[in-house]
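Visitor: I would like to go through this structure with you. Could we take it one element at a time?

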Number of protein chains: 2
Amino acid sequence: MRSRICLAVCFCLLVSLFVSLNGAPEKSEDIAQVRAAIEAGNIKFGEAVRKGDAAAIAALYSEDATVLPPDSAMIKGREAIQASWNGSLQMGIKDAVLTTVEVSGAGDYAYEIGKVLLTIQPAGQAALQQTAKYVVVWKKAASGSWQLHVDIWNSLPAK
Amino acid sequence: MRSRICLAVCFCLLVSLFVSLNGAPEKSEDIAQVRAAIEAGNIKFGEAVRKGDAAAIAALYSEDATVLPPDSAMIKGREAIQASWNGSLQMGIKDAVLTTVEVSGAGDYAYEIGKVLLTIQPAGQAALQQTAKYVVVWKKAASGSWQLHVDIWNSLPAK
């Protein structure tokens, strides 16, 4: 009887060991799932930009996220990030098409390398397009959704 | 006898479960260790820049690292990274003082947010200083050392 209980305990421990090891998305099938979640997040990001909705953009970031725009100080926290995106929308950013190039990571963190095509149209002017490259560190929230946690970009060379 | 063996197996499984959980540096003591390794890496980085040694700089990156300099295409792989750093050294980069602001991560990946003070002195000109902010994704190599795996930066506002 005692050895049966012991075997049951062993089985439970083996299962939890497997779960804990598989929890880290370093395996290719896990990374594919994370990449799909990130690409879905990027589609929401583009939709929020096209709507001019800074609150919806900010909601995609973690509560304590950091955004590092070129020629700017670091912007820390969702409230400050919303204010910053509101400013960018006022300046005429009309669309952001994000293309994921590389995703990897472990546990609740993943990094994404990508390119973005921005459409910018200041009031009364013609629309222009700009490309940039970026790195985003995504963090898995307690809810299970992946959020932008660190966001930095810079310009690609002019064609 | 059988239950003793079973207890021994249980103990071994418990230990391996603890090891596997503690292997992820999400706990603060683990992150402190990773941060110390990253800061030691940054000191080596500065030394290599002061020596003008592009090969020593490139050796701090992973074999398949990506560097994303402003106004440049993405640079992929240690060989291309060495060539790029060689160009930057030729342009007059004399020193890079890196200051870590934030480190977090999980498993074999950690991100670092930081600031860098660059000293640039093109041939025959006075030295000037530039500040930038950066995000580096560090990856733990099979050897156990942490290497720069993704490296992107952009300018801070002029003071």
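Guide: Helix α4 of chain B has 13 residues and reaches 18 Å from its first C-alpha to its last, close to the 18 Å expected at 1.5 Å a residue. Please bear in mind that this is a predicted model.

Visitor: What comes just after α4(B)?

Guide: G92(B) does, and this residue takes a positive phi of about 115°.

Visitor: And how far apart are the end C-alpha atoms of α4(A)?

Guide: They are 18 Å apart, which agrees with the 18 Å that 13 residues should span at 1.5 Å a residue. α4(A) is followed by G92(A), whose phi is positive, near 115°.

Visitor: Let us turn to chain A as a whole. How many helices and strands?

Guide: Chain A has four helices and six strands. Along the sequence they follow the pattern α-α-α-β-β-α-β-β-β-β.

Visitor: How much of chain A is buried?

Guide: Buried residues account for 30% of its 159 residues. As for contacts in chain A between residues at least 6 apart in sequence, 51% join residues at least 24 apart.

Visitor: In what order do the strands of the chain A sheet come?

Guide: The order is β2-β1-β6-β5-β4-β3, in an open sheet of six strands with mixed pairing. Its edge strands are β2 (75-76) and β3 (93-106) of chain A, each of which pairs on one side only.

Visitor: Which strands does α4(A) touch?

Guide: Helix α4 (residues 78-90) of chain A packs on the sheet and touches β1 (61-68), β2 and β3 of chain A. The direction of this helix makes about 50° with that of β1(A).

Visitor: How do β3(A) and β4(A) pair, parallel or antiparallel?

Guide: β3(A) and strand β4 (residues 109-120) of chain A are antiparallel, with twelve bridges between them. Within this pair, A96(A) stands opposite L118(A) in β4(A).

Visitor: Now chain B. What is the strand order there?

Guide: In chain B, six strands form an open sheet in the order β2-β1-β6-β5-β4-β3, with mixed pairing. β2 and β3 (93-106) of chain B each have a single partner strand, so one side of each is left without a neighbour in the sheet.

Visitor: How does α4(B) sit against that?

Guide: Helix α4 (residues 78-90) of chain B packs on the sheet, touching β1, β2 and β3 of chain B, and its direction makes about 50° with that of β1(B).

Visitor: What about β5 and β6 in chain B?

Guide: Strand β5 (residues 128-140) and strand β6 (residues 146-155) of chain B run antiparallel and are joined by nine bridges. V135(B) faces I152(B) across this pair, standing opposite it in β6(B).

Visitor: Where is L118(B), and is it buried, exposed or partly exposed?

Guide: L118(B) lies in strand β4 (residues 109-120) of chain B. L118(B) counts as partly exposed because it has 19 C-beta neighbours inside 10 Å, whereas a buried residue needs 20 or more.

Visitor: What does L118(B) touch?

Guide: Leaving aside residues up to four places away in sequence, L118(B) touches I93(B), A96(B), Q129(B), Q130(B) and A132(B). L118(B) and D95(B) are 23 residues apart in sequence, yet 5.6 Å apart in space, C-alpha to C-alpha.

Visitor: Change of topic: which residues have the most contacts inside the largest nonpolar core?

Guide: They are I57(A), V135(A), V150(A), I57(B), V135(B) and V150(B), in a core of 64 residues. I57(B) touches F45(B), A48(B), V49(B) and W85(B), not counting residues up to four places away in sequence.

Visitor: Finally, where is D71(A), and what is its phi?

Guide: D71(A) lies in the loop between β1 and β2 of chain A. Its phi is near 55°, a positive value in a residue other than glycine.

Visitor: Why does D71(A) count as exposed?

Guide: D71(A) counts as exposed because it has 10 C-beta neighbours inside 10 Å, and the limit for exposed is 12 or fewer.

Visitor: And D71(B)? Buried or exposed?

Guide: D71(B) is exposed, with 10 other C-beta atoms within 10 Å. D71(B) is placed in the loop between β1 (61-68) and β2 (75-76) of chain B, and it has a positive phi of about 55° although it is not a glycine.

Terms used
Residues are numbered from 1 along each chain as its sequence is written. Chains are lettered from A and ligands numbered from 1 in the order in which they are written. This is a predicted model: local features need pLDDT of at least 70, side-chain atom pairs count only at pLDDT 80 or more; totals for chains, interfaces and linings use all residues. Two strands pair if DSSP finds at least two bridges between them. Helices (H or I, at least four residues) and strands (E, at least two) are DSSP runs, numbered from the N terminus. Two residues are in contact if their C-beta atoms, placed from the backbone, lie within 7 Å. Axes are lines fitted to C-alpha atoms, for helices over the stretch in contact, and angles run from 0 to 180 degrees between N-to-C directions. A nonpolar core is a set of buried Ala, Val, Leu, Ile, Met, Phe, Trp, Tyr and Cys residues joined through C-beta atoms within 7 Å. The expected span of a helix is 1.5 Å times one less than its number of residues.
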